[in-house]
Amino acid sequence: MKEEISIQKKKYFLKWLTRNHTFPVRESLWILDYLYNHESMLEKSHFVERVEQTPRGIYLAVDENKHENFIFYKNGHSYEDPIQAFHEVRLNWSSDLYLEIEFKDAWQSKEYLAVLEDNPHASWNHQITDEQIIKMKQALKYESLSNAKETLLNQINDSLISNDKKQFNQLSAEFDKVNQSLQELISDE
């Protein structure tokens, strides 16, 4: 179940953003201010990444060195006219609007992370390749086997201290199996 981002969090983010960053396209501020002052629209606004894959979205960049500082996306088409986008936002206030705002160190900003949502039209897990999935599974298996090996070593030491030969033999056999699996995993890489 997805968590709903509150209007208060969105307002706080917009206020923080406009106070701490300068937008090279002044109409960007008009749109953000309009959203800030119209809660019904702000409720339908979602801060996401890869906005170009949404049915209706706006990309805003803070950095003046970017090639594109403003792009409006609608139904697979892109437009660079912010006035057109502003009117589209105003006239279609009841439709979802997706916003991607690019600024330096965004992922280190708690204000940004508090409002960032998974893009339902381009979910992050669709970006993961089969090769990456295999590598993640191998890494998890390696970590699991390494932890099991460490635990068994501690248990083997305990069995030696308590002079429990039966438990020592059983744990040593398990240790050999885990160690063999670990060596096979390492050699497969």
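**Exercises on helix packing and nonpolar cores**

Helix 2 and helix 4 are roughly parallel to each other. The model examined in these exercises is predicted.

**Exercise 1.** Determine how the axes of helix 2 and helix 4 are related, and which residues meet.

*Solution.* Step 1: the axes of helix 2 (residues 26-37) and helix 4 (residues 82-91) come within 9 Å and cross at roughly 10°. Step 2: angles under 35 degrees count as roughly parallel, and the two helices are therefore assigned to that class. Step 3: from helix 2, the residues E27, W30, I31, Y34 and L35 meet P82, I83, A85, F86, V89 and R90 of helix 4. Step 4: sorted by class, this contact of helix 2 with helix 4 holds nine nonpolar, no polar and two charged residues.

**Exercise 2.** Describe the crossing of helix 6 and helix 7.

*Solution.* Step 1: the axes of helix 6 (residues 130-161) and helix 7 (residues 165-188) come within 9 Å, with a crossing angle of roughly 155°. Step 2: helix 6 is therefore roughly antiparallel to helix 7, since angles over 145 degrees fall in that class. Step 3: the crossing of helix 6 and helix 7 is left-handed. Step 4: the contact of helix 6 with helix 7 comprises 14 nonpolar, eight polar and three charged residues.

**Exercise 3.** Identify which element gives the most residues to the largest nonpolar core.

*Solution.* Step 1: the largest nonpolar core has 31 residues. Step 2: F13, L17, L35, I58, F70, I101 and F103 have the most contacts inside this core. Step 3: elements giving two or more residues to this core include helix 1 (7-20), helix 2 and strand 3 (70-74). Step 4: helix 1 gives the most to this core, with five residues.

Technical notes:
Residues numbered from 1 in each chain as written. Predicted model: local features only at pLDDT ≥ 70, side-chain atom pairs only at ≥ 80, totals over all residues. Heavy atoms only, no water. Axes fitted to C-alpha atoms, helices over the stretch in contact; angles between N-to-C directions. Helix = DSSP H or I, 4+ residues; strand = E, 2+ residues; numbered from the N terminus. Parallel < 35°, antiparallel > 145°, perpendicular 65-115°, else oblique. Contact = heavy atoms within 4.5 Å. Nonpolar A, V, L, I, M, F, W, Y, C, P; charged D, E, K, R; others polar. Left-handed = near helix turned anticlockwise from the far one by under 90°. Core = buried A, V, L, I, M, F, W, Y, C linked by side-chain atoms within 4.5 Å. Buried < 20%, exposed > 50% of the residue type's maximum accessible area, 1.4 Å probe, protein only.
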